[in-house]
Amino acid sequence: MRIDKDLVAASATPLVLGILADGESYGYAILKRVNELSAGRMTWTDGMLYPLLHRLERSGYLQATWHEAPTSRRRKHYAITAAGLDALAERRRQWEVVSGALDRVWREATTVVTPPAPATAVGR
Amino acid sequence: MTAVHEPLDGDVEAQIGQWRGYVQRHRAISGNDVEELEGHLRDQIGDLGRSGLSGDEAFLVSVKRLGRLDVVSREFAREHSDRLWKQLVLAGSGEAATGGTRRELGVVLGLAVGAGLAIKLPALVGLTLADDPGFYARNLALFVLPLLAAYFAWKRGMPIRRATLMLAPPFAVAAVLANVYPFATEGATEVLTAIHLPVVLWMVMGLAYVGGEWRSHPRRMDFIRFTGEWAVYYVLLALGGGLLSGLTIAGFALLGTDAAEFVGTWVLPCGAMGAVLVAAWLVEAKQAVVENIAPVLTKVFTPLTALMLLALLVATLAGGDVVQVERELLILVDLILVLVLGLLLYAISARDPDAPPSGFDWLQLLLVGSALAVDVLMLSAMAARIAEFGFSANKSAALGLNLVLLVNLAWSAWLSVGFLRQRVPLRALERWQTGYLPVYAAWAALVVIAFPPVFDFV
């Protein structure tokens with residue numbers, strides 16, 4: 001199943017903030033985590049993650065630091081800030097409203113709506 | 001920084017190197033970003049290699065997953081529009097752009113000639129500079145800035161109706177006010193109008209520069225950058241033009257012909273007007289040839305100005321009585337504040353917004369702080385005298401400008417402190433400056449519109 005591009009874009013910010021709320025991380029690891037969480041069904045264009053991270057950094061939601069990796073190649077790590085946590089909480093409230101409304105629509109819809117595919121191997 | 005992080009075969013290394021070179025050509029993606037993307041690519045290749053793909057295959061899949069580079073680059077550009085500033089001219093250069101460039105040059109030269117003729121038009125109907133210098137002083141900006149506004153409205157592709165509605169009324173009102181008010185000859189209000197009207201009209205021209213998007217803060221920042229670069233180019237053109245004029249006069253003098261008259265009445269005024277447009281076009285078109293110069297000057301003069309202000313501060317505190325020169329002093333203090341504000345603006349405009357606070361930011365705070373201290377000390381020393389002699393037009397204009405600048409610098413200093421303590425993002429400082437632009441326009445407009453009648457046109 002391919003997730004609609006707009007839906008991916010809309011969920012990208014809360015997803016990234018949510019992943020970083022668990023601890024600081026870097027671009028490639030964040031994408032791997034998104035892959036795990038969605039069981040590979042949310043496909044991002046990898047390159048697009050970085051402008052998003054920079055935008056969040058500029059908005060003050062993330063703080064970036066360059067870490068010297070043991071293999072001598074530097075890596076840019078991102079950590080969530082207090083403002084980022086606030087933004088995440090706010091996004092979460094918004095998503096809960098949206099998904100609550102959608103839930104009711106699924107339940108009350110008179111025509112048959114295909115039920116969600118069975119969850120497969122979420123996480124590893 | 002490109003040391004191999006796990007052994008990849010030489011083929012893949014070469015491919016990554018090629019890829020890196022290709023990415024580096026996208027100006028919106030800075031060196032650090034390339035490194036970040038390359039790290040991602042290598043991680044991906046490594047993972048794919050472990051799951052059994054050959055080096056070549058892994059490289060291809062990884063690059064494909066990164067996405068089309070022009071799309072990614074555009075996304076970077078949207079986030080870091082400041083990086084494009086140095087490169088505007090290169091966009092679309094090469095293939096089909098030359099036709100457009102040539103056409104633009106034609107438009108600019110046409111408008112420049114138009115501006116040159118406009119300044120000579122009154123003389124052709126019998127009103128020369130010697131007859132009425134006040135007329136020329138008041139209308140100077142009106143001869144050229146409408147043309148510059150027209151150039152930018154055309155360049156930015158503003159719809160004609162929108163451009164006319166937005167730009168024509170202010171220019172028309174300015175033309176009426178500058179010529180209908182019954183100014184006393186060489187009175188203070190006439191001089192004030194001659195100084196403030198160009199500021200108002202420059203801002204009106206700015207509406208065209210930003211293509212009507214005056215609400216956009218990034219566009220306003222571009223306008224600030226443009227203003228600084230334009231001033232630099234204009235001075236350079238003026239120096240070159242002056243030198244050339246001098247050589248011309250000297251050359252003809254050797255042949256026994258006096259060219260000074262012709263140079264003075266035709267070449268200088270027409271050249272000065274035309275250069276306004278040519279300088280604007282140079283800023284637009286040739287940014288890649290000369291690096292942005294205003295920020296360079298800022299870096300040089302920030303420490304020097306801070307030093308000068310500290311010396312002034314010490315001298316004031318060490319009992320230097322403020323002597324009676326009050327109007328001159330007011331104007332002097334205003335000029336100092338304008339200089340400090342300019343240094344602050346161009347430092348912000350050229351700063352990498354992602355970089356953490358550095359020593360230079362401290363220096364800047366010192367600069368603003370000492371300017372504020374000097375201003376407050378001198379104003380309080382003068383307060384009694386100002387009250388005693390009442391408010392003349394000049395004094396009111398100088399005091400008002402002082403207040404406008406003081407408010408800006410005081411809040412800038414406050415934001416800088418927050419930035420240095422990493423409580424406030426640099427963006428807040430940027431937004432404060434871009435948000436303040438209309439205040440200058442409003443103050444200058446107030447001086448132009450209200451001061452002459454209030455002070456009886458003297």
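Colleague: Why is Leu167(B) called buried?

Modeller: A residue counts as buried if 20 or more other C-beta atoms, placed from the backbone, lie within 10 Å of its own, as exposed if 12 or fewer do, and as partly exposed in between. Leu167(B) has 22 other C-beta atoms within 10 Å, and is therefore buried. This is a predicted model, in which local features need pLDDT of at least 70, side-chain atom pairs count only at pLDDT 80 or more, and totals for chains, interfaces and linings use all residues. Residues are numbered from 1 along each chain as its sequence is written, with chains lettered from A and ligands numbered from 1 in the order in which they are written.

Colleague: Which residues does Leu167(B) touch, not counting residues up to four places away in sequence?

Modeller: They are Ala149(B), Ala153(B), Val204(B), Leu207(B) and Ala208(B); contact requires C-beta atoms, placed from the backbone, within 7 Å. Ala153(B) is 14 residues from Leu167(B) in sequence and 9.2 Å away in space, C-alpha to C-alpha.

Colleague: What makes H10(B) and H16(B) roughly perpendicular to each other?

Modeller: Helix H10 (residues 217-254) and helix H16 (residues 426-454) of chain B pack at about 80°, their axes 9 Å apart. Angles under 35 degrees count as roughly parallel, over 145 as roughly antiparallel, 65 to 115 as roughly perpendicular and the rest as oblique. The two helices H10(B) and H16(B) are therefore roughly perpendicular.

Colleague: Which residues of H10(B) meet H16(B)?

Modeller: His217(B), Arg220(B) and Met221(B) meet Glu430(B), Arg431(B), Thr434(B) and Leu437(B) of H16(B).

Methods. Two residues are in contact if their C-beta atoms, placed from the backbone, lie within 7 Å. Axes are lines fitted to C-alpha atoms, for helices over the stretch in contact, and angles run from 0 to 180 degrees between N-to-C directions. Helices (H or I, at least four residues) and strands (E, at least two) are DSSP runs, numbered from the N terminus.
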